[in-house]
Amino acid sequence: MGSAAPAAPCVFCEIAAGRSPAYVVYEDANTLAFLDIFPFTRGHLLVVPKRHVDRLVDLPSTEHAGYLGALAQACRQVERLTKDYNIGLNQGRLAGQIVFHLHFHVIPRYDAGNPFGTLPRTRIGEADAAAVVRDLGGPIRR
Ligand code: 5GP
Ligand code: ZN
């Protein structure tokens with residue numbers, strides 16, 4: 001974890017170094033955007049810092065603005081396809097992260113449907129809300 005070089009070869013480091021191919025649609029000094037190899041939809045992009053970090057919290061704060069700018073640029077490019085899209089960031093195995101090199105997904109949407117799956121949700125109760133807000137360091141107000 002963290003920003004040290006990964007033990008095993010990292011697929012996104014290999015792409016960033018030009019040793020593995022990718023369909024790159026945006027590049028600046030610190031960031032790449034390229035097509036996901038198993039796209040959910042046409043134009044599904046991954047926005048990837050060239051520096052290897054596992055997670056957003058590992059990216060130095062001096063690089064946040066540049067990374068967000070690159071994400072916005074990738075969104076502008078996706079908007080050539082559709083104005084509807086999701087931005088996703090999977091952090092950790094249980095959240096579905098399989099490549100442990102930071103990347104935002106930009107996933108164009110062309111039709112209706114629940115992009116976050118079909119798990120049923122129930123409205124939160126007062127007691128559960130109070131407990132989890134305490135665990136999160138709140139409440140600020142209710
Ligand atoms: P995660 O689940 O870690 O958020 O998403 C990793 C994404 O990387 C997946 O959607 C997967 O299809 C994509 N991916 C994995 N290996 C490669 C690769 O070698 N090249 C490209 N372009 N995408 C990859
Ligand atoms: Zn990497």
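1. The second largest pocket of this predicted model is lined by Arg-123, Ile-124, Gly-125, Glu-126, Ala-129, Ala-130, Val-133, Arg-134, Pro-139, Arg-141 and Arg-142. Its volume is about 230 Å³. By class, the lining divides into five nonpolar residues, one polar residue and five charged residues.

2. Two of the residues that line the second largest pocket, Glu-126 and Arg-142, also form a salt bridge through their side chains, at 3.1 Å from N to O. The pair links distant parts of the chain, with Glu-126 in helix H3 (126-135) and Arg-142 in the segment after that helix, 16 residues apart. Both Arg-142 and Glu-126 are exposed.

3. Helix H3 itself deserves a remark. H3 is hardly covered, since none of its ten residues counts as buried, which means that none falls under 20% relative accessible area. Gly-137 follows H3 and has a positive phi, near 95 degrees.

4. The largest pocket has a volume of about 840 Å³. Its lining comprises 32 residues, of which Asp-36, Phe-38, His-44, Leu-46 and His-105 are the closest to the centre of the pocket. At least two lining residues are supplied by each of helix H1 (11-16), strand S2 (31-35), strand S4 (85-88) and strand S5 (104-108). In terms of residue class, the lining of the largest pocket holds 20 nonpolar, ten polar and two charged residues.

5. In general terms, nonpolar side chains in soluble globular proteins tend to be buried together.

6. Which residues does Leu-71 contact, leaving aside its neighbours within four places in sequence? They are Val-47, Ile-87, Phe-104 and Val-106.

7. How many salt bridges does a search of the whole structure find? The count is five. One of them joins the side chains of Lys-50 and Glu-27, with 2.8 Å from N to O. Lys-50 lies in the loop between S3 and H2, and Glu-27 in strand S1 (residues 24-27), so this pair ties together parts that are 23 residues apart in sequence. Lys-50 is partly exposed, with a relative accessible area of 24%, whereas Glu-27, at 51% relative accessibility, counts as exposed. The value for Glu-27 is to be read against the cut-off, because exposed means over 50%.

8. The side chains of Glu-79 and Lys-83 also meet in a salt bridge, at 3.8 Å from N to O. This pair qualifies because the limit between a side-chain nitrogen and a carboxyl oxygen is within 4 Å. Glu-79 counts as partly exposed, at 31% relative accessibility, while Lys-83, at 61%, counts as exposed.

Note on methods:
Residues numbered from 1 in each chain as written. Chains lettered and ligands numbered in written order. Predicted model: local features only at pLDDT ≥ 70, side-chain atom pairs only at ≥ 80, totals over all residues. Heavy atoms only, no water. 1 Å grid on protein atoms, 1.4 Å probe; cavity = no way out; pocket = protein on both sides within 12 Å on 5 of 7 lines; lining within 4 Å. Points joined across faces, edges and corners; volume = space filled by probe spheres on them. Helix = DSSP H or I, 4+ residues; strand = E, 2+ residues; numbered from the N terminus. Nonpolar A, V, L, I, M, F, W, Y, C, P; charged D, E, K, R; others polar. Contact = heavy atoms within 4.5 Å. Buried < 20%, exposed > 50% of the residue type's maximum accessible area, 1.4 Å probe, protein only.
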